[in-house]
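Me: Hi! Could you walk me through this structure? I'd like to start with the strands.

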Amino acid sequence: MSTPQPALATPLSGPRFQQTSADLYADMRRTHGPVAPVLLDGDVPAWLVLGYREVQYVVSNPEVFGRDSRRWNAWDRVPPDWPLLPLLAYQPTMMFAEGAEHRRRAEALDEALGAVDQFELGARAEQVADGLVDAFAGSGEADLITQYADGIPLPVVARMIGVPDAETADLVRDVYQTHAAGEGANEAYARVRDKVRRLVEARRRAPGPDVTSRLLGHPAALADEEITEDLLHLMNAGQLPTAYWIGNTLRLMLTDDRFAMTLAGGRRSVGQALNEVLWEDTPTQNFPGRFAVHDLRLGGRQIRRGDLLILGLAAANQDPLVRPVPQASTGNQAYLSFSHGEHRCPYAAQEIAKVIAEAAIEVLLDRLPDVGLAVPADTLAWRPSPLFRGLAALPVKFTPAW
């Protein structure tokens, strides 16, 4: 049976969480300290690790905080149609692997991603971005989320792993439905998995210059099922956080005078804006999860064996113990936005995401130099997700390009 949650557990949902999550995290820190009781969809209990040092401790000690979700003591609280099931139900993927098994698969993926030609990657990202701008440039207005940011990462990542271009539109739709954690999420995940399984089978028969083929030929001798699962994780991780990174950065540049004043020239501030967003509005705000291997205390809380700990990456980035002056540290890269430890986002994957995001933003600024918000900044709404932070829409106007 799952551990009863203390009183005052905070739901990771609702208007306040959706719109002003940073304020809510600050309140939770004042009330509970660096580890707070929270409720996931359906009042399923978990712990949110808010402290920067506590997050680092959890991810740096995999022998105490395991990744295998079969340890979870709250499965009796989870219905079969639970919307977060695709992200927490154990799967034979690198994401849930531990120890030597995780290292074997992680090294193979790192090497396969490290061989990606970043010049070709950037050129593909620019091509996708240009095509999207072409579709709305003559109208003088657009939603830079649904018409732009959402449409860039997955076509680039899909080409990188060998997915035919004709199949990427369906993949984008299903990946977003999976991570929206709503009705139809499980069915969407099944469709995505089937597409990737068929890709691996095709590349086994006819290898190409892509990540899938490099995984198939790696000395780790990965099975087709292992590669399928790890590619699923790669696509999910490559699409949503990168799209949100693009959208959140465009929002910053369109609403903050430090960046908005340079939109006409733009290029010198893109890297700064991307880095600042990882501190202030990181796309992956909460990441599940780690599971306590045995009873212990963390941040003054009694954690029971099998308890679920959610990594509060956004909250940790705002921890006043390491960032007493807001925005003072946004020039460095000590953020936890890509997590930390052996299960962090691979360095090669971080670089790939950055290449895609930079290309997307620079293409937009080059093509629409006078782009500006079409609505007041304080009316922008965020998508309702307990894990990710991204805008629902970013309406803009500009001089039509004929």
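**Strands, a helix residue and cavities**

Reply: Happy to! In β2, the bridge partner of Thr-10 is Val-38. Before we go on, this is a predicted model, in which local features need pLDDT of at least 70, side-chain atom pairs count only at pLDDT 80 or more, and totals for chains, interfaces and linings use all residues. Residues are numbered from 1 along each chain as its sequence is written, and side-chain values use heavy atoms, with hydrogens and water left out.

Me: Thanks. How many bridges join β1 to β2, and do they run parallel or antiparallel?

Reply: Two bridges link them, and the strands run parallel. Strands here are DSSP runs (E, at least two residues), helices are runs of H or I with at least four residues, and both are numbered from the N terminus. Two strands pair if DSSP finds at least two bridges between them.

Me: What about β2 and β3, in which sense do they pair?

Reply: Antiparallel, over six bridges. Val-35 stands opposite Val-49 in β3. Three residues lie between the strands of this hairpin, where Gly-42 takes a positive phi near 75°.

Me: Is β2 buried or exposed?

Reply: Mostly covered: six of its six residues are buried, where buried means under 20% relative accessible area, exposed over 50% and partly exposed in between (1.4 Å probe, protein chains only). Val-35, Pro-37 and Leu-39 are buried on one side, and Ala-36, Val-38 and Leu-40 are buried on the other.

Me: What's the strand order in the six-stranded sheet?

Reply: The sheet is open, with the order β1-β2-β3-β9-β6-β4 and mixed pairing. β1 (10–11) and β4 (65–66) stand at the edges with a single partner strand each, so one side of each has no neighbour in the sheet.

Me: Which helix packs on it and touches β1?

Reply: That's α2 (residues 21–32), which also touches β2 (35–40) and β3 (44–49). The direction of α2 makes about 125° with that of β2. Contact means heavy atoms within 4.5 Å, while axes are lines fitted to C-alpha atoms, for helices over the stretch in contact, with angles from 0 to 180 degrees between N-to-C directions. Helix α3 (residues 52–59) packs on the sheet too, touching β3, β4, β6 and β9, at about 120° to the direction of β9.

Me: And how do β6 and β9 pair?

Reply: β6 (residues 287–292) and β9 (residues 308–311) are antiparallel, with four bridges. Phe-291 has Leu-308 in β9 as its bridge partner.

Me: New topic: where is Asn-248?

Reply: Asn-248 sits in helix α11 (residues 224–255). Asn-248 counts as buried because its relative accessibility is 1%.

Me: Which residues is Asn-248 in contact with, leaving aside neighbours within four places in sequence?

Reply: Val-277, Asp-281, Pro-283, Trp-382, Arg-389, Gly-390 and Leu-391. A polar atom of the Asn-248 side chain lies 2.9 Å from the backbone oxygen of Asp-281.

Me: Last one: how many cavities of 30 Å³ or more are there?

Reply: Two. On a 1 Å grid over the protein atoms alone, a cavity is a set of points where a 1.4 Å probe fits but cannot get out, and lining residues have an atom within 4 Å of a point. Grid points are joined across faces, edges and corners, and a volume is the space filled by probe spheres set on the points. The second largest cavity has a volume of about 30 Å³, and its lining includes Phe-17, Gln-285, Trp-382, Arg-389 and Gly-390.

Technical notes: Polar contact = N/O pair within 3.5 Å; in protein donor to acceptor, adjacent residues only side chain to side chain. 1 Å grid on protein atoms, 1.4 Å probe; cavity = no way out; pocket = protein on both sides within 12 Å on 5 of 7 lines; lining within 4 Å.
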